Amino acid sequence: MKSKEETSKPINSGNRPSSLKPEGDWTRIFSYHAMDVEITRAEGIYYYDTDDNRYIDASGGPFAFTLPHGDSRMKQAISDQMDSFTHINPTLASRPQADYCAKVSEVTPSKLNTTYLVSGGSEAVETAMKIARQHHLAKGNTGKYKIISNYGSYHGMTLATQGLSGNPGYDKYFGQMLTKWPHIHQYSDHDKPEGMTREEWAIKCAERLEKMIYFEGPQSVAAYIATPHGCGSDWGVVPPKEYWQEIRRICDHYDVLLIADEVVTGFGRTGKWFAMEHFGVEADIMTTAKGISGCYIPLGAVMVSDEINEPFEAGNAYFVHGFTNGGHPIACAAGSKAIDIYREDNLIENSKKMGEHLFTYKEQLLAHPSVADARGWGLCMTLELVENKESGEYFPSSKGAESIFHSLTLKNGLVFYSTLYGRRREPMFKRGLPLMICPPLSINQEEVDDLIGRLDNTLHEWEAEMGVG
Ligand SMILES: Cc1ncc(COP(=O)(O)O)c(C=O)c1O
């Protein structure tokens, strides 16, 4: 990290993020990756640095900041709750928690009416894994414990969720500490056989789950977890609805719970409250975080179906779980106000409308020699960046393509979250690297135009510097 004075000089004057070293106070942060821009405030879709340079928050942080930055209503709700009480002994009734969970059930799909509160996405996924197990125990199916997930998936960074995620790269570090779960290949347009429709291919892809359940033994499989859109190299691919409908059928047939990980896609990102609504499919358990509070405060939640809730509500099962800060009154107040804002500002509708506007730029973006694909839904567009469209492959790490890309975006007044795996990425199997365009859902048309104009320039400059095209 450069000193403050240096940081406020023209952005990225030649330094690439990877070449910076932390100095001074910055060295007191464990495992800190030095950045060359320090932010002092944020408003709407913008960040401002120490020199008052403005940047568009083009990825909504880690695809998370759905609400406008600096919203006074959020500040007020948090402050009001602080004025009454900030925490509560868990043996006492917490009105903010009851009010909030009731409000959540107004916006969730019809069967998902009860909510367990945690502090983030990894906690939500781990909680969902335990709920799935205890659901089967409550039904007397004691052998059901396995959770199937997708290759290339990401469900969090705790040991349980790293084991679930389909990225063998974690083995290198944590090996035997991880529980290894079965994985399947999700729907992908990339390997769709020629002459087959997406719908036909979707059914074939879904059959992989049935085969996996069969070979693992249906009596041992508790749940299947997946994000509504693709993961890994296929991040953001929206499968045909037939895919999810077939997955639902298979899960029902084998008494396997369907867990939709809506940590990214939930709360409006895709133009509906929750992404599974696009397919007319309801999960049994839904995990959420990020947009749930727009990250104003750490919050995550697991919504469960009435059927799963039943033995717990009847007192015939007891959930062996709980965190000190789960259902924190301030988080409940923030989550509650976030739902009010989604409604008052029509943010879900705006995500749909502005998403449609964003996708009018699809062909312009695809015209770039470095953009092999532009896909997604709502305010969630993924570009697949490549070195060469013929091979469909990304640059070798030695070329430092991401660092150069990020320094150009900063120069052009944009901030992207690191492309999918950044410098830590695993082999891409002859694929490009996903770049996510996920601005706050409050973005307006002029701001979308501005974002794309700046991105277009950045891509031209990057291609020139990388010798593409
Ligand atoms: C699909 C998905 N699930 C879970 C998580 C973990 O969430 P958190 O970082 O809040 O623990 C993430 C984080 O990006 C995610 O994308």
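The model is predicted: local features need pLDDT of at least 70, side-chain atom pairs count only at pLDDT 80 or more, and totals for chains, interfaces and linings use all residues. Residues are numbered from 1 along each chain as its sequence is written, and side-chain values use heavy atoms, with hydrogens and water left out.

Domain 1 comprises 4–66 + 347–466 and domain 2 comprises 72–344, with bounds from an automatic or database domain assignment. Their C-alpha centres are 27 Å apart. To the contact (heavy atoms within 4.5 Å), domain 1 gives 28 residues and domain 2 gives 31 residues.

Between the two domains, about 2,500 Å² is buried, with 61% from carbon and sulfur atoms; buried area is the accessible area (1.4 Å probe) that two parts lose on being put together, summed over both. Of the area that domain 1 buries against domain 2, 32% is supplied by Ile348, Trp377 and Arg431, more than by any other three residues.

The interface also holds 1 salt bridge, defined as a side-chain nitrogen of Lys or Arg within 4 Å of a carboxyl oxygen of Asp or Glu. Arg431 forms a salt bridge with Asp234, and their closest N and O atoms are 3.1 Å apart.
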